[in-house]
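Me: I have a two-chain model open and would like to learn how to read it feature by feature. Could you walk me through it?

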Amino acid sequence: MENRPVAQAMRRKLEAALAPLVLEIDDDSAKHAGHVGARAGGESHFNMRIVSAAFAGKSRVDRQRLVHGILAEELAGPVHALALSLRAPAES
Amino acid sequence: MDSVKDRIETDIKSNDVVLYMKGTPVFPQCGFSSAVVQVLTHMGVKFKGINVLEDPEIRNGIKEYANWPTIPQLYVKGEFVGGCDIVREMYQSGELAEMLQTKGVDVKLA
């Protein structure tokens, strides 16, 4: 994680906003190398699995919008793609 | 921006199922768009694919329209359903077929 400033920043923001029970952030950028949106330093394509009580009672669209909002800065910048699996504790 | 919004509304209201995607249904140019095309094709759902790579105005406009930062975006009967993760989850749980049928869209599961 030391050389992963984008992933680190996202982790800090998600931990602060969602108090997640599970927070897995995988950098999938290597799989997209050479493709539009891929960056030389990686950290453009991420896959996340989050379990948080903040998702309870929310629709799939609302859960993703919540995460998009927390990561708005990254999505407007280096992050080109974000695959999300979002669950409330009772569902995991 | 109004004309872009009008174009989006015309498309999603005059077609039962619309997919804003990168590339075309026959030649998707992004893995996430391709995954949604495969789900819809597998379900035998007729849809209109709109290639945002050919139209920067729509590419940005659709993100604002749905308040959703990424492509692909699926619309059914004028309503935003979600992107790739949501379509995949709803397909796997059977909710996608149920929702399409409830809305009167033909589904032919193979």
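Me: How many helices and strands are there in chain A?

Reply: Helices are DSSP runs of H or I with at least four residues, strands are runs of E with at least two, and both are numbered from the N terminus. By that rule, chain A holds three helices and three strands, arranged along the sequence as α-β-β-α-α-β. Please bear in mind that this is a predicted model, where local features need pLDDT of at least 70, side-chain atom pairs count only at pLDDT 80 or more, and totals for chains, interfaces and linings use all residues. Residues are numbered from 1 along each chain as its sequence is written, while chains are lettered from A and ligands numbered from 1 in the order in which they are written.

Me: What share of chain A counts as buried?

Reply: Burial is a neighbour count: a residue is buried if 20 or more other C-beta atoms, placed from the backbone, lie within 10 Å of its own, exposed if 12 or fewer, and partly exposed in between. In chain A, 25% of the 92 residues count as buried. One case to look up is A:E43, which counts as buried because it has 22 C-beta neighbours inside 10 Å. A:E43 sits in the loop between β1 (22-27) and β2 (45-51) of chain A, and its phi is positive, about 55 degrees, although it is not a glycine.

Me: How many residues does each chain give to the contact between A and B?

Reply: Two residues are in contact if their C-beta atoms, placed from the backbone, lie within 7 Å. Chain A contributes eleven residues and chain B eight. On the chain A side, the elements giving two or more residues are α2 (60-70) and β3 (81-87). That side has six nonpolar, three polar and two charged residues, where Ala, Val, Leu, Ile, Met, Phe, Trp, Tyr, Cys and Pro count as nonpolar, Asp, Glu, Lys and Arg as charged, and the others, Gly among them, as polar. Within chain A, 56% of the contacts with a separation of 6 or more are between residues 24 or more positions apart.

Me: Where do the buried residues of helix α3 of chain B fall around its axis?

Reply: The idea is to take the directions from the helix axis to the C-beta atoms and find the arc they span. In α3 (residues 56-66) of chain B, the buried residues are B:I58, B:G61, B:I62, B:Y65 and B:A66. They fall within an arc of 110 degrees, so they line one face of the helix. B:E64 is in this helix too, but counts as partly exposed, with 13 C-beta neighbours inside 10 Å. After α3(B) comes B:N67, with a positive phi near 50 degrees.

Me: At what angle do α2 and α4 of chain B pack?

Reply: Axes are lines fitted to C-alpha atoms, for helices over the stretch in contact, and angles run from 0 to 180 degrees between N-to-C directions. Helix α2 (residues 31-42) and helix α4 (residues 84-93) of chain B pack at about 30 degrees, with axes 9 Å apart. Angles under 35 degrees count as roughly parallel, over 145 as roughly antiparallel, 65 to 115 as roughly perpendicular and the rest as oblique. α2(B) and α4(B) are therefore roughly parallel to each other. Their contact is made by B:F32, B:A35, B:V36 and B:V39 of α2(B) with B:C84, B:V87, B:R88 and B:Y91 of α4(B). By class, that is seven nonpolar, no polar and one charged residues.

Me: And how are α4 and α5 of chain B oriented, parallel or perpendicular?

Reply: α4(B) and helix α5 (residues 95-102) pack at about 90 degrees, with axes 5 Å apart, and are therefore roughly perpendicular. B:V87, B:M90, B:Y91 and B:S93 of α4(B) meet B:E95, B:L96 and B:M99 of α5(B).
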